[in-house]
Amino acid sequence: MIHQKRRSSLLNQLGDGALVIISTNPIQKRSGDTDYPFRPNSDFYYLTGFNEPDSVAVFSHDCYTIFLRPNDKKKEIWEGRRLGIEEAPAKLNADKSYSIADLELELLKLIDNGGNIFFDSKSCPIDNKIVDVLWRNEVYSVASYIHEMRLIKDEHEIELMQKAANISVNAHELAMQNTKSGLFEYEVQSIFDGYFTKNNSKHAYSPIIAGGQNACILHYIENNKPLNEGDLLLIDAGCEFEYYASDITRTFPISGTFSSPQKEVYQIVLDAQMAAINSIRPGVKVNEPHVIASNIIRDGLIDLGILETDGELSEFYMHRTGHSIGIDVHDVGTYKKDDYEKTFVSGMVITVEPGIYINNDDKINPIYRNIGVRIEDDVLVTNDGNKVLTESLVKEIKDIELIMNNQI
Ligand SMILES: [Mn+2]
């Protein structure tokens, strides 16, 4: 029902007689006869709830048609079960279903009603076939309409995102409790691999398990170095549960106790993160958390003598404070440059993830070198402010030290 509601809501914006055509992702080859695990196209899944490859949805106010793989006993033994043409209408709330092999023939009939056609090609084999069928027609883009809808999460989506957040929170907690020097970064990653799998979820993105100076490499994913006693460990990992993402970063001392310089840097990032989160409510510009976090980080770094009064903050803080999150971990909307003037609306979910990255630089006081800190939570905009979906994961210095020393 939720998908039908989304389709109707989309059609209502597109005007009378609109016909939407949307396909799922192609299967991607990994090597030889091995494929990457299939994941449906996010827009397609949002509108259909269907997660098989080789499918196309065509819908108007009058008719919803789904093209999919027919049942095939032999193929299903090798490749897995298929919903099949007979079961599809009842299961997917469709009016008609056809084999994907009949796509061109049936699509020609479906576009014959004269209404505006909405379609965006991903230049994959199925979309190329659709383009061939549509070549005589004027075609309009539908992606921006779908993305505006996806920006505001409905109750069903918020529930799934809360579940994803909870799984990730628990995995981070386990990692804090089980980290010790001498382990390799991948051994800490295995805590997430195991916990996510055990809870019917997957990594929403390549996890970053970065000890010491590796934390200063923003997209460090090698995760293959040993953890050293005096260093911090930065973990950016989140699961995807039923196609909805979570995204959490925590930074904590491998020994279980922060050193004084680590504390000083960490507290600046935490203050920046909390202030940025506190600013989030409907009507506030989506860029506001970034402005607030950047100012606090700038002042903090100047106080520590790391940044000159007229210095470049981007030497130590070179990314944005957050992004939209949903079916995609970097979800549609709100964090692109044109969107900075937009304001928060109830139902948006964004990350808040300021950081400080101090590289090994002669100019910097040695006690602060090689410290990288990021703290990230997922925040739902509510009618009267916000709710942090990942709030149950500790981040205050004293709480992290307690949990790491198994005292809570
Ligand atoms: Mn993030």
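In the predicted model, G211 stands opposite L233 in β11. Residue numbers start from 1 along each chain as its sequence is written, and side-chain values rest on heavy atoms, without hydrogens or water. As the model is predicted, local features need pLDDT of at least 70 and side-chain atom pairs count only at pLDDT 80 or more, whereas totals for chains, interfaces and linings use all residues.

Strand β10 is joined to strand β11 (residues 232-237) by four bridges, and the two run antiparallel. Strands (E, at least two residues) and helices (H or I, at least four) are DSSP runs numbered from the N terminus, and two strands pair if DSSP finds at least two bridges between them. An open sheet of three strands has the order β10-β11-β14, with antiparallel pairing. Its edge strands, β10 (208-211) and β14, each pair on one side only. From one strand to the next the twist averages 10°. Helix α8 lies across β11 and β14 and runs at about 15° to β14; axes are lines fitted to C-alpha atoms, for helices over the stretch in contact, and angles run from 0 to 180 degrees between N-to-C directions.

The chain is divided into domain 1 (2-149) and domain 2 (152-404), with bounds from an automatic or database domain assignment. The C-alpha centres of the two domains lie 36 Å apart. In contact (heavy atoms within 4.5 Å) are 11 residues of domain 1 and 11 residues of domain 2.

The largest nonpolar core has 101 residues, and those with the most contacts inside it are L10, F59, I66, V188, F192 and I235. Such a core is a set of buried Ala, Val, Leu, Ile, Met, Phe, Trp, Tyr and Cys residues joined through side-chain atoms within 4.5 Å; buried means under 20% relative accessible area, exposed over 50%, and partly exposed in between (1.4 Å probe, protein chains only). Helix α8 (residues 155-178) gives the most to this core, with nine residues. Because domain 1 and domain 2 both give residues to the core, it lies between them. Leaving aside residues up to four places away in sequence, V188 touches A175, T179, L183, I209, L227, L233 and I235. A second, separate core of 16 residues includes L19, V56, I126 and L134.

The manganese ion is coordinated by D247 (OD), H323 (NE2), E353 (OE) and E376 (OE), at 2.1 to 2.4 Å. Donors are N, O and S atoms within 2.8 Å of the metal (3.2 Å for Na, K and Ca); water is not among the atoms, so sites may look incomplete. The donor residues are spaced D-x75-H-x29-E-x22-E in sequence. D247 lies in the loop between β13 (244-245) and β14 (248-253) and H323 in the loop between α11 (288-303) and β15 (349-352), so the pair ties together parts that are 76 residues apart in sequence. D247 is buried, at 3% relative accessible area, and H323 is buried, at 6%.

Strand β18 (residues 377-382) has six of its six residues buried. D377, V379 and V381 lie on one side and D378, L380 and T382 on the other. β18 pairs antiparallel with β15 over four bridges, and L380 is the bridge partner of V349. Four bridges also pair β18 with strand β19 (residues 385-388) in the antiparallel sense; here V381 stands opposite N386. A hairpin through two residues joins β18 to β19.
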